[in-house]
Protein chains: 2
Amino acid sequence: MERIAEHIDGYDYGTPSVARSPVTLEELVKLKITVGWTAEDDRYLQLAGQVLKDQTKPIIDLWRGKIIASIPHLARHSRTPEGEPLPDYARKSGLRFEQWIIDTCFRSWDQDWLDYQNEIALRHMAPRKNQTDGVCSTPFVPFRDIIAFVPAMNETIKPFLAAKGHSAADIDGMHCAWIKSLQLQIALWAKPYSAVRVDQGQW
Amino acid sequence: MERIAEHIDGYDYGTPSVARSPVTLEELVKLKITVGWTAEDDRYLQLAGQVLKDQTKPIIDLWRGKIIASIPHLARHSRTPEGEPLPDYARKSGLRFEQWIIDTCFRSWDQDWLDYQNEIALRHMAPRKNQTDGVCSTPFVPFRDIIAFVPAMNETIKPFLAAKGHSAADIDGMHCAWIKSLQLQIALWAKPYSAVRVDQGQW
């Protein structure tokens with residue numbers, strides 16, 4: 001399996017420490033239909049992985065270092081409650097964010113993938129968000145902000161998909177598969193997010 | 001205000017019967033930032049409205065009559081629990097779905113808009129889903145299916161945006177604004193959906 005580094009702190013994809021997803025494989029099959037997933041998307045998502053795998057650092061630098069960093073209500077989630085930087089947290093979670101790009105493109109959509117999707121969602125919520133890296137930051141990222149940040153990720157991934165000289169049709173195909181995959185992942189996160197209480201504000 | 005028909009059953013936008021949204025105007029301002037909304041998007045969404053306003057019927061016919069109708073786990077939400085058609089329900093909710101396209105493009109993002117977004121979300125959930133039209137259909141649409149259906153809407157809206165001879169740049173601009181608006185609306189729906197219990201399965 002492709003990895004962006006030999007050791008990635010807190011990256012325990014496919015290990016017994018990852019809990020079972022509340023979403024079933026049968027529900028996943030239905031979600032693939034809802035999102036309009038095709039065999040062509042399978043092929044193009046693989047191709048996107050080939051194109052993106054050596055660009056994960058500049059992509060995360062753009063998303064976190066530039067876009068999120070410029071939006072205070074998003075940037076705070078990588079900082080202390082007082083707004084101080086947490087370089088170690090940023091570095092570790094940034095590596096996992098890079099690996100997520102790889103996993104998005106290359107992982108099979110099986111039980112391990114479902115379970116790790118659930119794990120990632122939980123790590124954006126209280127009380128899990130800060131446990132993985134043992135930090136003191138905001139307790140959760142509101143689900144609405146995760147949903148709303150997707151268009152920025154989809155828009156800004158385009159130049160990276162186009163960076164290796166593929167045809168316009170191939171770039172469109174990769175982009176289309178990427179968009180569907182991200183929205184399907186957000187759909188998967190809805191269930192773990194539903195388990196937290198609304199008065200905690202995680203919405 | 002643009003309307004697709006003089007009378008639209010159950011369409012009570014801006015009336016006192018619509019409850020207050022749990023999302024505040026301040027949270028909406030932040031969501032606009034998260035989604036990357038610009039003044040150009042405002043302009044392009046208006047233009048999209050001009051382009052789409054006489055095409056709402058074929059768009060809904062495509063989404064509901066063709067795409068959703070071909071996916072059993074989605075089609076059931078317009079039918080009886082036994083799978084029988086409910087033509088009156090389909091017609092009335094279809095008209096509101098058409099009007100939603102108009103509202104997406106033309107309505108100001110004010111308190112009335114926030115409140116009606118909440119109202120539409122509630123009408124996809126138990127116990128509200130069937131009350132508006134007094135029908136017996138499925139009690140709710142899982143939030144994950146709503147999230148996951150967005151790429152199909154975004155993809156299939158393209159030819160309709162291109163149908164009036166605008167430049168490629170204008171079509172892209174309209175499409176980009178449309179995509180951001182839909183994702184922002186889904187983000188708004190997260191809060192009302194969070195108020196229902198996960199064991200009801202509405203996720």
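Predicted model: local features only at pLDDT ≥ 70, side-chain atom pairs only at ≥ 80, totals over all residues.
Student: How do you know what span to expect for α6(B)?

Tutor: The expected span is 1.5 Å times one less than the number of residues; for the 12 residues of α6(B) this gives 16 Å, and the end C-alpha atoms are 16 Å apart, which agrees.

Student: What does the corresponding comparison give for α8(A), and why is α8(A) called enclosed?

Tutor: With 27 residues, α8(A) reaches 39 Å from its first C-alpha to its last, close to the 39 Å expected at 1.5 Å a residue.

Student: Why is A:Lys53 called partly exposed?

Tutor: Inside 10 Å, A:Lys53 has 16 C-beta neighbours; burial would need 20 or more and exposure 12 or fewer, so a count in between is called partly exposed. A:Lys53 lies in the loop between α2 (39-52) and α3 (56-67) of chain A, and, leaving aside neighbours within four places in sequence, it is in contact with A:Glu2 and A:Ile102. A:Lys53 and A:Ile102 are 49 residues apart in sequence, yet their C-alpha atoms are 6.2 Å apart in space.

Student: Is A:Ser137 buried or exposed, and how do you know?

Tutor: A:Ser137 has 20 other C-beta atoms within 10 Å, and because the cut-off is 20 or more, it counts as buried. A:Ser137 is found in the loop between α6 and α7 of chain A, where, not counting residues up to four places away in sequence, it touches A:His77, A:Ser78, A:Arg79, A:Thr80, A:Leu86, A:Tyr89 and A:Asn130. By contrast, the C-alpha atoms of A:Ser137 and A:Thr156, 19 residues apart along the chain, are separated by 27 Å.

Student: What makes the peptide bond from A:Ala126 to A:Pro127 cis?

Tutor: The bond from A:Ala126 to A:Pro127 has omega near 0°, and is cis on that value. A:Pro127 is found in the loop between α6 and α7 of chain A. In chain B, a cis peptide bond joins B:Ala126 and B:Pro127, with omega about 0°, and B:Pro127 has its place in the loop between α6 and α7 of chain B. Most peptide bonds are trans.

Student: How do you know that chain A agrees with a compact globule, and which kinds of element does it contain?

Tutor: For 203 residues, the radius of gyration of a compact globule would be near 17 Å, and chain A has 17 Å, which agrees. Along its principal axes, the C-alpha trace of chain A spans about 45 × 35 × 30 Å. Chain A contains 8 helices and 0 strands, and 39% of its 203 residues count as buried. Among its contacts with a separation of 6 or more, 82% are between residues 24 or more positions apart.

Student: Why can the two copies be described through a rotation axis?

Tutor: Chain B can be laid on chain A with an RMSD of 0.0 Å by a turn of 180° and a shift of 0.0 Å along the axis. The two copies are thus related as by a two-fold rotation axis. In chain B, the C-alpha nearest that axis belongs to B:Ser194, at 2.8 Å from it.

Student: Which residues have the most contacts inside the largest nonpolar core?

Tutor: That core has 52 residues, and those with the most contacts inside it are A:Ile147, A:Ala148, A:Ala187, B:Ile147, B:Ala148 and B:Ala187. Leaving aside neighbours within four places in sequence, A:Ile147 is in contact with A:Ile186, B:Gln183, B:Ile186, B:Ala187 and B:Ala190.

Definitions and conventions
Residues numbered from 1 in each chain as written. Chains lettered and ligands numbered in written order. Least-squares fit on C-alpha atoms with pLDDT ≥ 70 in both. Core = buried A, V, L, I, M, F, W, Y, C linked by C-beta atoms within 7 Å. Contact = placed C-beta atoms within 7 Å. Helix = DSSP H or I, 4+ residues; strand = E, 2+ residues; numbered from the N terminus. Rg over C-alpha atoms; globule rule 2.2 N^0.38 Å.
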